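I am opening a notebook on a structure that is new to me, and I will write down what I look up as I go.

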Amino acid sequence: DADGKIYLCTNKFAKMMGYDNWDELRGKTILEYSLQLPQIDTDFYENLENIRKRVINESLNYQYINFISNHEGIVSQMVYHFPIFMPNGEVAGSRVIACKFNMIDDAINKFVTYLKKHDQNIQAKNKKPEFKINLTEKEYTLVFLLGAGLNIEDISIFLDTTTTKILSTLENSICKKFGLNMLDLNLIRQFILEGNIINKLPKKFMKSRSIILQHTEIAQDYFTAKF
């Protein structure tokens, strides 16, 4: 409803949040029902609550992607959050539609599994890393995503930055550290997979977050028209 208390939801959503059925969520706010999942930072839910308030107070449509880090790995969702209007134009509440996005989570989770097996093989052979390259956290995250097989466009969405900045980092920093005279994504991926450069999950992946794709205003005239 307009106060942020759940009026109706699906059992699927309730079970995703750690409850048995949707009736257990009836009347709870985002910050109240999120207590069931303490492994996710409270600021993630506070951000969702801030979006909800803007949807209600400013009559905005929001489209955003949630990246949630949990025991299953990285889970991505495409989310649409929009106001529900009364015939007179008053906002009665809001509706959230979320669906599993699969934009990058499958690739990342498979890559993490690969790295674990790769690390075990190296330890078993007592083999030292072939390359010692000092990467910043930003560069490490970018290299990790490249190793997972993501393209530049997907990486730009996940890192909430532009493709121009990513290409600039690759050309002006990472290529030099890898000893490459030109940008070659295939060679960079080869270095990543064969050089034991990547051996842990980037810090950025540990924290659940939302990335706003767009928010748009709704024409009030439509709802205030007389029928």
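Before looking at charges and rings, I note the rule I use: a charge sits over a ring if NZ of Lys or CZ of Arg is within 6 Å of the ring centre and within 35 degrees of the ring normal. I also keep in mind that this is a predicted model.

Entry on the charge. I looked up Arg-209 and found that its charged end sits over the ring of Phe-158, 4.3 Å from the centre of that ring.

I counted seven aromatic pairs in the structure, and I looked at two of them in detail.

Entry on a first pair. The ring centres of Phe-13 and Tyr-33 lie 5.7 Å apart with the planes at 90°, and because planes over 60 degrees apart count as edge-to-face, I list the pair as such. Phe-13 belongs to helix H1 (residues 11-16) and Tyr-33 to helix H2 (residues 30-33), so that the pair links distant parts of the chain, 20 residues apart. I noted Tyr-33 as buried, with a relative accessible area of 9%, whereas Phe-13, at 24% relative accessibility, counts as partly exposed.

Entry on a second pair. For Phe-67 and Phe-158 I read a distance of 4.6 Å between ring centres and an angle of 70° between planes, so this pair is edge-to-face. Phe-67 lies in strand S1 (residues 60-70) and Phe-158 in helix H6 (residues 152-158), and the pair therefore ties together parts that are 91 residues apart in sequence. Both Phe-67 and Phe-158 are buried.

Entry on the largest pocket. Which residues lie nearest the centre of the largest pocket? I found Phe-13, Met-16, Tyr-33, Val-96 and Ala-98 there, out of a lining of 42 residues. The volume of this pocket is about 1,400 Å³. Strand S3 (91-100) is among the elements that each supply at least two lining residues, and the largest share, nine residues, comes from S3. By class, I noted 24 nonpolar, eleven polar and seven charged residues in the lining.

Entry on the whole chain. I counted nine helices and four strands, which follow the pattern α-α-α-β-β-β-α-α-α-α-α-β-α along the sequence. Of the 227 residues, 41% count as buried. Among contacts with a separation of 6 or more, 59% are between residues 24 or more positions apart.

Terms used:
Residues are numbered from 1 along each chain as its sequence is written. This is a predicted model: local features need pLDDT of at least 70, side-chain atom pairs count only at pLDDT 80 or more; totals for chains, interfaces and linings use all residues. Side-chain values use heavy atoms; hydrogens and water are left out. Rings of Phe, Tyr and Trp (its six-membered ring) pair if their centres lie within 6.5 Å; planes under 30 degrees apart count as stacked, over 60 as edge-to-face and the rest as tilted. Buried means under 20% relative accessible area, exposed over 50%, partly exposed in between (1.4 Å probe, protein chains only). On a 1 Å grid over the protein atoms alone, a cavity is a set of points where a 1.4 Å probe fits but cannot get out, and a pocket is an open set with protein on both sides within 12 Å along at least five of seven lines; lining residues have an atom within 4 Å of a point. Grid points are joined across faces, edges and corners, and a volume is the space filled by probe spheres set on the points. Ala, Val, Leu, Ile, Met, Phe, Trp, Tyr, Cys and Pro count as nonpolar, Asp, Glu, Lys and Arg as charged, and the others, Gly among them, as polar. Contact means heavy atoms within 4.5 Å.
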